[in-house]
Amino acid sequence: MKPARFAYEAPTELEAALALLSDDLVDARVIAGGQSLVPMMNFRLAVPELLVDLNRIAALRYVRVDGGTLRIGAGARQAELLRDPAIEAGWPLLTAGVRHIGHPQIRSRGTVCGSLAHHDPVAELPALAVALDATMTVAGPSGRRRIPAADFFVSYYESDVQPGEILVEAAFPPVEADTGWGFAEIARRRGDFALVGAAGLVRAGADGRVAAARLVLFGVAERPLRATAAEQALVGSDGGEDVLARVRELVAEAVDPVADGHATAEYRREAAAHLAAEVAADAWGRTR
Ligand SMILES: Cc1cc2nc3c(=O)[nH]c(=O)nc-3n(C[C@H](O)[C@H](O)[C@H](O)COP(=O)(O)OP(=O)(O)OC[C@H]3O[C@@H](n4cnc5c(N)ncnc54)[C@H](O)[C@@H]3O)c2cc1C
């Protein structure tokens, strides 16, 4: 299929892009990598009157580490995160998860901020942003807002980017010392969207026990889900088989997934329980 007719603008300044989005009478949409929007337009699931292309705004095209924080501008492609050894060293959970996004062609066009703004509930980046406690900066007609990842993802394909706004940056704070990571997902084929996935961070204390844990599941709810009861069970434990069995039980109790054409709710529940324990074990193993 081909998209419906639309107008197209490619401003070179953020302010000009915001001005184009500010007209309430025009159904305008931002386009970044086009890897989700163009298929949606081809299937007529999205029929914007005007596309505002961010690709010529040089000021948005950056990935930099600034005072220990990783800052990713709206023009940065997903693949750029995989090219810099400093990013891999500082945020190995992020790069491990990004490697699971589609195929190299998708990652070299698709942007980090586009994936976050689009918020597919089975996408990797929203879950990674919650796990890594990222902060989003959104620019709009009345200035900028900063939103923690925990509040940014609202529901299926809905983030807290309001009409007329652009997600200009995602910022990932430094990961604490003595923290290990784990990432796992189940997809039918390598490169397919995940059915269910999990991302985890575990910090080791000086006493050799778990000092802190974050476990985030995706593909089981309308947005990335913190497995808080399982996290609490891990803290103070020795990270061994007993607590991992408890993690499985607590995650199975906590999730309430829906069935769709890809997997039953029961399959998703079991998969989430096992993946949560797997990433917790991997993360703990990487602390030592
Ligand atoms: C074959 C295929 C396989 C894929 N597999 C995966 C996968 O396994 N995992 C995965 O996570 N994704 C996957 N994707 C999607 C891919 O990651 C997209 O790149 C991503 O979802 C959207 O980023 P984009 O830059 O392409 O955004 P676009 O497609 O340009 O835009 C998507 C939506 O976000 C909005 N938007 C984009 N940027 C901004 C911004 N800065 N501010 C506000 N709104 C914005 C647009 O208006 C649009 O509504 C796949 C895509 C394809 C085609």
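Helix α6 (112-118) gives the largest share of the shell around the ligand, with 4 residues. Helices (H or I, at least four residues) and strands (E, at least two) are DSSP runs, numbered from the N terminus. This is a predicted model, so local features need pLDDT of at least 70 and side-chain atom pairs count only at pLDDT 80 or more, while totals for chains, interfaces and linings use all residues. Residues are numbered from 1 along each chain as its sequence is written, and side-chain values use heavy atoms, with hydrogens and water left out.

Of the 30 residues around the ligand (a heavy atom within 4 Å), V30, G34, S36, L37 and T111 come nearest. The shell splits into 14 nonpolar, 13 polar and 3 charged residues. Here Ala, Val, Leu, Ile, Met, Phe, Trp, Tyr, Cys and Pro count as nonpolar, Asp, Glu, Lys and Arg as charged, and the others, Gly among them, as polar.

Now for the polar contacts (N or O pairs within 3.5 Å). A ligand nitrogen lies 2.9 Å from a polar backbone atom of L167. Taken alone, the ligand exposes 970 Å², and the protein buries 89% of that (Shrake-Rupley areas, 1.4 Å probe).

Over in α1 (residues 14-21), L14, A17, L18 and L21 are buried, meaning under 20% relative accessible area (1.4 Å probe, protein chains only). These four cover an arc of only 100° around the axis, which puts them on the same side of α1; the arc is that of the directions from the helix axis to the C-beta atoms. The buried residues of α1 pack against β2 (28-31), β3 (50-53), β6 (135-140), β7 (143-148) and β10 (166-172), with contact meaning heavy atoms within 4.5 Å.

Terms used. Buried means under 20% relative accessible area, exposed over 50%, partly exposed in between (1.4 Å probe, protein chains only). A polar contact is a pair of N or O atoms within 3.5 Å; within protein, one must be able to donate a hydrogen and the other to accept it, and residues adjacent in sequence count only if both atoms are side-chain atoms.
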